[in-house]
Amino acid sequence: MRLPKSPGLAAFLSLFPGLGQVYNGQIARAFAFFFAWVGSIYLTANGHEFPFAFVIPFVYLYNMIDAWKGATAANQRFLGGRSEPEEGPSLESPVWGGILVVFGIVILASNLGWLDLERLAKCGRCS
C-alpha cells in the first residue's frame with residue numbers, strides 16, 4: 001500500500017518556504033510561511049535587523065518541520081489513525097484570503113505612491 005504523502009518530499013519542497021505545505025494541501029499555512037519569510041527578509045533589508053534577522057532562519061526551519069509533520073499526519077489519517085486534522089478547520093478559513101487581499105492592496109498602494117509605508121513606520125516608532 002502506497003501512502004498519499006511523502007514526509008521527505010514535503011520537507012524537501014519546503015526548501016522554498018510554503019511549497020511543502022502546498023504539497024500537503026495546506027494552502028493557508030503555505031501563504032503564512034511564505035509571507036513570514038519574505039516579510040522578514042524585507043524588513044531586515046530595510047534596517048530592522050533585530051529581531052527580523054533572527055526570524056528568517058526560524059521561519060525557514062520551522063517551515064520544513066511543519067511540512068514533515070503535515071505529511072505524517074495526512075498519512076496517519078489515511079491509515080485510520082486519526083479522523084480529524086490536529087489543527088482543525090480554522091487554519092484553512094476563508095479569512096486568510098481576505099487578509100491576503102488587504103495585504104496586497106496595501107503593497108499596491110505603496111508601490112503606486114499612494115501610501116508611504118516608510119513614513120508610517122517612522123511615525124509608529126515615535127509614539
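Let me start with the contact of helix α3 with helix α4, where contact means heavy atoms within 4.5 Å: on the α3 side there are Arg-29, Phe-33, Ala-36, Trp-37, Ser-40, Ile-41, Leu-43 and Thr-44, and they meet α4 residues including Phe-52, Val-59, Tyr-60 and Asp-66. By class, this contact has 12 nonpolar, 3 polar and 3 charged residues, with Ala, Val, Leu, Ile, Met, Phe, Trp, Tyr, Cys and Pro counted as nonpolar, Asp, Glu, Lys and Arg as charged, and the others, Gly among them, as polar.

This is a predicted model, in which local features need pLDDT of at least 70 and side-chain atom pairs count only at pLDDT 80 or more, while totals for chains, interfaces and linings use all residues. Residues are numbered from 1 along each chain as its sequence is written, and side-chain values use heavy atoms, with hydrogens and water left out.

As for geometry, the axes of α3, residues 27–45, and α4, residues 49–79, come within 8 Å and cross at roughly 155°, the axes being lines fitted to C-alpha atoms over the stretch in contact, with angles from 0 to 180 degrees between N-to-C directions. The two helices are therefore roughly antiparallel, a term for angles over 145 degrees.

Helix α3 also takes part in lining the largest pocket, to which α3, α5 (95–111) and α6 (117–126) each supply at least two residues. The greatest share comes from α5, with 8 residues. By class, the lining has 14 nonpolar, 5 polar and 1 charged residues.

Conventions:
Helix = DSSP H or I, 4+ residues; strand = E, 2+ residues; numbered from the N terminus. Parallel < 35°, antiparallel > 145°, perpendicular 65-115°, else oblique.
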